[in-house]
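Dear colleague,

Please find below the structure that I am handing over to you. I would be grateful if you would read the notes that follow it with the model open.

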Amino acid sequence: MKATIRLTNSDIVYILDQTKLPFKEQYIIAKGSKRIIDAIEKLSIRGAPAIGVAGGFASYLALKESKNSNLEKIFQIISSKLDLIESARPTAVNLSWSVNRFRNILKLNRSKKIDFRHLLSLFRKEALKIYEEEKKVSLKLSSLGSKLIKNNDKIITHCNTGSLATTGPGTALGAIKFANKIRKGLRVFATETRPLLQGSRLTIWECQKNNIDCTLISDSMVSHIIKEEKINMIVVGADRIASNGDTANKIGTYQLAIAAKFHKIPFFVVAPISTFDFSCRNGLLIEIEERDGKELLSINNKIVSKANNVRNPAFDVTPRKLITGIITEKGIIYSPNANKIKRFKNRYS
Ligand code: MRU
């Protein structure tokens with residue numbers, strides 16, 4: 001499959017415009033940081049790891065645009081541009097994790113008499129490193145997650161967590177893709193994921209491209225389908241995992257976890273370590289992005305409601321107690337809690 005995002009040798013960023021999928025495979029050609037920020041805000045590029053990578057490319061281009069004879073001035077301009085990039089989407093921690101890596105480069109070099117070209121080359125290297133790291137991590141996660149899936153399993157997944165959302169095979173959907181190669185009779189049920197339909201537009205598209213037996217269901221069908229189809233497990237991604245294991249993910253994930261608990265089936269989160277926010281004590285402290293209500297009033301830009309009052313939180317938080325395990329590139333944290341995550345952090349991050 002074509003890369004969801006890439007940086008060319010001539011510093012152009014190609015972004016597969018996810019708002020146009022599945023009907024058009026069209027690339028945004030971004031020559032500056034502003035265009036990338038716009039793509040992140042509009043969800044042309046989306047999914048926590050992919051947003052982190054996009055933030056890296058935006059940080060590099062932002063520095064390139066800040067060229068000035070006075071180095072101190074450059075540090076000031078780039079610092080405020082990094083703040084701007086970070087605020088494009090508040091919930092997915094991968095974006096601030098990525099931007100912080102550039103802040104660290106600035107911090108390490110501020111007192112030194114570094115010349116602009118050297119600083120720029122450090123930013124470029126870092127942006128490409130984030131891209132490569134996310135790819136490797138995605139492969140590891142997918143391989144590890146696939147081992148939990150058995151022949152003939154029926155799995156529900158939510159939103160889109162595949163190649164479109166990462167620079168590798170994905171997280172939750174990556175695990176499903178790997179399992180589909182080694183297991184027989186796998187069936188996937190993909191939730192539609194209102195309001196922006198990442199499930200029906202993107203997950204179904206990726207499943208079809210990967211020859212995965214996939215059935216579309218609406219978000220409201222989940223409990224019924226778990227019971228009727230005897231679903232074996234639910235596998236989702238994450239946008240921010242607090243240090244006690246509470247997990248923010250696409251709106252609708254919380255109700256899936258409750259339904260899984262009621263029906264006594266496992267509920268797994270698949271996410272890279274870059275999605276953990278070790279500074280966040282619990283899920284109550286996670287900022288939830290509230291998006292324009294127009295997204296709910298319309299489907300594919302066609303107005304379908306006359307509602308005057310609309311709420312449109314883009315994410316919700318699943319309490320750790322509903323999570324069977326968090327599958328990371330370094331292993332699985334079963335029944336996550338603050339102590340286990342602290343030990344995990346000390347060992348791996
Ligand atoms: O608003 P989105 O489409 O960016 O939300 C994406 C999700 O919630 C994904 O499940 C999450 O980022 C994990 S992607 C590997």
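The notes below cover the ligand and its surroundings, and then some points on the backbone.

This is a predicted model, in which local features need pLDDT of at least 70 and side-chain atom pairs count only at pLDDT 80 or more, while totals for chains, interfaces and linings use all residues. Residues are numbered from 1 along each chain as its sequence is written, and side-chain values use heavy atoms, with hydrogens and water left out.

The ligand is surrounded by 18 residues, of which the closest are R46, R89, D239, N249 and K250; a residue counts here if one of its heavy atoms lies within 4 Å of the ligand. By class, this shell has seven nonpolar, seven polar and four charged residues. Here Ala, Val, Leu, Ile, Met, Phe, Trp, Tyr, Cys and Pro count as nonpolar, Asp, Glu, Lys and Arg as charged, and the others, Gly among them, as polar.

Domain 1 (5-139) and domain 2 (142-348) both contribute residues to the shell, so the ligand lies between them. The domain bounds come from an automatic or database domain assignment.

- A polar side-chain atom of D239 is 2.7 Å from an oxygen atom of the ligand.
- An N or O atom in the side chain of K250 lies 2.8 Å from a ligand oxygen atom.
- A polar backbone atom of G47 is 3.0 Å from an oxygen atom of the ligand.

The protein covers 99% of the 410 Å² of accessible area that the ligand has on its own (Shrake-Rupley method, 1.4 Å probe).

As for the backbone, most residues other than glycine have a negative phi, and most peptide bonds are trans. A cis peptide bond joins L21 and P22, with omega about 10°. The bond from R194 to P195 is also cis, and its omega is near 5°. N152, which is not a glycine, has a positive phi near 65°.

Yours sincerely

Definitions and conventions
A polar contact is a pair of N or O atoms within 3.5 Å; within protein, one must be able to donate a hydrogen and the other to accept it, and residues adjacent in sequence count only if both atoms are side-chain atoms.
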